[in-house]
Amino acid sequence: MTSILSLAGVSKRFHAGTPSEVSALRKLHFTVEAGDFVTIIGSNGAGKSTLLKVVAGMVIPDTGTVTFEGRDITRSPVYRRAAVIGRIAQDPGDSTCATMTIEENLAMAERRGRPRGLRRAITPSARVRFAAALAPIGLGLEMRLLARVGTLSGGQRQALALLMATMAGAQLLLLDEHLAALDPRTAETVMALTQRLVAEHHLTTLMITHKMQDAIRIGNRLIMMHEGRVILDVRDVAKAALTVEALVARFHEAGGEISEDRVLLAT
Amino acid sequence: MAQLQALILNMFEQGFLFAFLGLGVLITFRFFRFPDLTAEGSYPLGGAVAAALLVHGLDPFVATLAAAAAGAGAGTITALIHTKLRINNIVAGIIAMTALYSVNLRVMGKANTPLLSTPSVFSETVDWLNRLGLNLHDNVFTTIPIALVLLVGAGLALIWFFATDLGLAVRATGQNEAMIASLGVDTDRTKMVGLALSNSFIALSGALVAQNHGFADIGMGVGILVTGAAAVLIGEAIFGDRTVTWWIVAVICGTVIYRLLVALALRIGFEPVDLRLVTAVLLLLALTIPRWRVLVLR
């Protein structure tokens with residue numbers, strides 16, 4: 001297998017030099033193989049979100065390098081990475097544009113990473129493509145191409161965001177607790193869609209979740225983060241053999257506090 | 001009766017000429033969600049550039065297009081101050097507006113340029129139509145249809161632009177910048193396109209109004225952003241927040257209604273010195289009426 005993404009010695013401190021200084025990442029080393037589906041767990045402040053933001057280009061690390069397919073992308077801005085990296089955040093408002101219609105959102109996503117000129121964005125053939133892409137989701141969005149995205153439910157918006165992240169050639173999908181704001185049933189539907197799209201487009205995926213069962217059940221690799229480092233990294237057979245109890249025990253060993261255990265065990 | 005006719009003609013004439021301003025302000029105030037004070041400098045810049053070129057004998061259409069191009073330049077400068085120097089967008093607009101005051105004086109060489117003896121896009125169009133065998137005069141009855149044709153053309157151009165790939169990206173930049181950046185758009189560039197487009201419309205309005213009023217004046221831009229915002233808000237209060245096409249119709253209607261209300265205010269005894277106060281009250285009403293509408297409908 002070949003590595004697609006690699007982080008070497010990546011550190012990031014926020015509010016450096018002030019009393020509220022936080023080390024979000026501490027000399028983090030992390031390599032992802034092409035085709036990996038990595039689930040990421042850890043307590044609040046472990047650095048999970050910062051890790052994804054460093055990969056997406058939203059946060060530039062203080063030290064270390066980020067390499068994608070052999071190219072150093074440590075300092076390249078978000079929009080330059082967009083051709084190959086799609087990201088979905090927890091808040092359904094973040095990854096779609098509420099005041100624009102479903103078809104306008106899809107048309108913008110379809111041009112991911114390509115130059116945008118004075119070509120008409122939404123043609124009849126584009127509408128046919130969008131409807132065909134929306135229909136299998138099963139939420140009836142293909143009938144509502146002209147609806148504003150702000151009128152959709154959180155689950156519908158995350159489903160649309162998933163389609164937008166995967167429809168136009170991204171190779172790496174970053175999911176930052178994208179199910180956390182959804183009710184359990186909707187979360188299940190959106191998770192099934194996530195797995196289908198990842199398989200269909202052969203995407204490499206990093207998914208942060210606070211649900212231990214999901215972290216164990218989904219994907220081929222699991223990492224646990226604590227205080228800005230990866231403290232557990234298991235894959236394939238070893239991952240399949242994991243239990244929630246074993247993960248909690250491992251978490252205790254690392255010095256996680258009781259109050260944070262409750263967060264981990266919550267679901 | 002003659003008074004009522006004059007009132008209505010004035011409403012459409014001034015409304016159509018100021019509607020270009022409203023469309024420009026729409027782009028920044030509603031699509032980009034910030035009040036761009038560059039308008040206070042780019043509107044008189046449009047008047048000054050058109051006036052200076054007309055006085056030098058240039059064709060009115062060339063002079064008017066040059067005015068729009070100058071406005072685009074002003075918007076570009078504000079965008080560069082905002083994006084490259086990382087200055088807050090309102091402050092960037094104030095800086096551009098301040099600088100433009102001197103630029104406008106330099107362009108005209110004086111504080112007021114009369115344009116009574118030079119041709120205008122209106123007189124030029126009337127001459128051209130007369131050469132085709134018509135017998136028209138350059139007055140309010142010809143200015144209204146000419147302004148309307150220009151306005152419809154400009155409105156259609158905006159509707160077309162905001163339906164292109166670039167147009168969608170420009171709109172999304174004002175609505176959810178992080179999202180459109182994550183789709184591969186350099187938002188520094190789309191902000192520049194949006195501000196250039198906005199200020200070219202505002203300068204175009206300044207150029208047309210100067211030709212219609214017969215002079216360009218260094219003070220013609222004072223309070224102009226509020227005039228444009230009032231037109232946008234009146235349109236929004238009536239039509240609500242819908243598609244780009246609706247927004248453009250709403251702003252044109254909003255400008256005409258604004259001009260009617262101003263004319264009515266003068267008719268019922270307010271003096272020109274009171275107009276700013278009237279505008280402020282209209283603005284306040286346009287902002288609060290949508291809330292009352294919700295209460296009434298409930």
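**A hairpin, a sheet and a helical chain**

In the hairpin formed by β9(A) and β10(A), two residues lie between the strands, and A:Glu227 takes a positive phi near 50 degrees. The model described here is a predicted one, in which local features need pLDDT of at least 70, side-chain atom pairs count only at pLDDT 80 or more, and totals for chains, interfaces and linings use all residues. Residues are numbered from 1 along each chain as its sequence is written, while chains are lettered from A and ligands numbered from 1 in the order in which they are written.

Strands pair here if DSSP finds at least two bridges between them; helices (H or I, at least four residues) and strands (E, at least two) are DSSP runs, numbered from the N terminus. One of the residues involved is A:Met225, whose bridge partner in β10(A) is A:Val230.

Chain A also holds an open sheet of four strands, with the order β2-β1-β4-β5 and antiparallel pairing. Its edge strands are β2 (22–33) and β5 (71–72) of chain A, each of which pairs on one side only. Within this sheet, β1 (residues 3–14) of chain A is joined to β4 (residues 63–68) of chain A by five bridges, the two strands running antiparallel. Here A:Leu7 has A:Val66 in β4(A) as its bridge partner. Helix α1(A) packs on the sheet, where it touches β1, β2 and β4 of chain A, and its direction makes about 65 degrees with that of β2(A). Axes are lines fitted to C-alpha atoms, for helices over the stretch in contact, and angles run from 0 to 180 degrees between N-to-C directions.

How many of the residues of α1 (residues 48–56) of chain A are buried? The count is nine of nine, so described as mostly covered by the burial rule: a residue is buried if 20 or more other C-beta atoms, placed from the backbone, lie within 10 Å of its own, exposed if 12 or fewer, and partly exposed in between. Among them are A:Lys48 and A:Lys53 as well as A:Leu51, A:Leu52 and A:Val54. Just after this helix, A:Gly57 takes a positive phi of about 95 degrees.

Turning to chain B, its secondary structure comes to 12 helices and two strands. Buried residues make up 52% of its 298 residues. The radius of gyration of chain B (over C-alpha atoms) is 19 Å, which agrees with the value near 19 Å for a compact globule of 298 residues, the rule being 2.2 Å times the number of residues to the power 0.38.

In chain B, α1 (residues 2–31) and α10 (residues 224–239) pack at an angle of about 85 degrees, with their axes 8 Å apart. This makes α1(B) roughly perpendicular to α10(B), the class for 65 to 115 degrees; under 35 counts as roughly parallel, over 145 as roughly antiparallel and the rest as oblique. Residues of α1(B) including B:Phe18, B:Leu21 and B:Phe29 take part in the contact, as do B:Ile224 and B:Val232 of α10(B).

Finally, 19 residues of chain B are in contact (C-beta atoms, placed from the backbone, within 7 Å) with 25 residues of chain A. On the chain B side, α7(B) gives the most, with seven residues.

Note on methods: Two residues are in contact if their C-beta atoms, placed from the backbone, lie within 7 Å.
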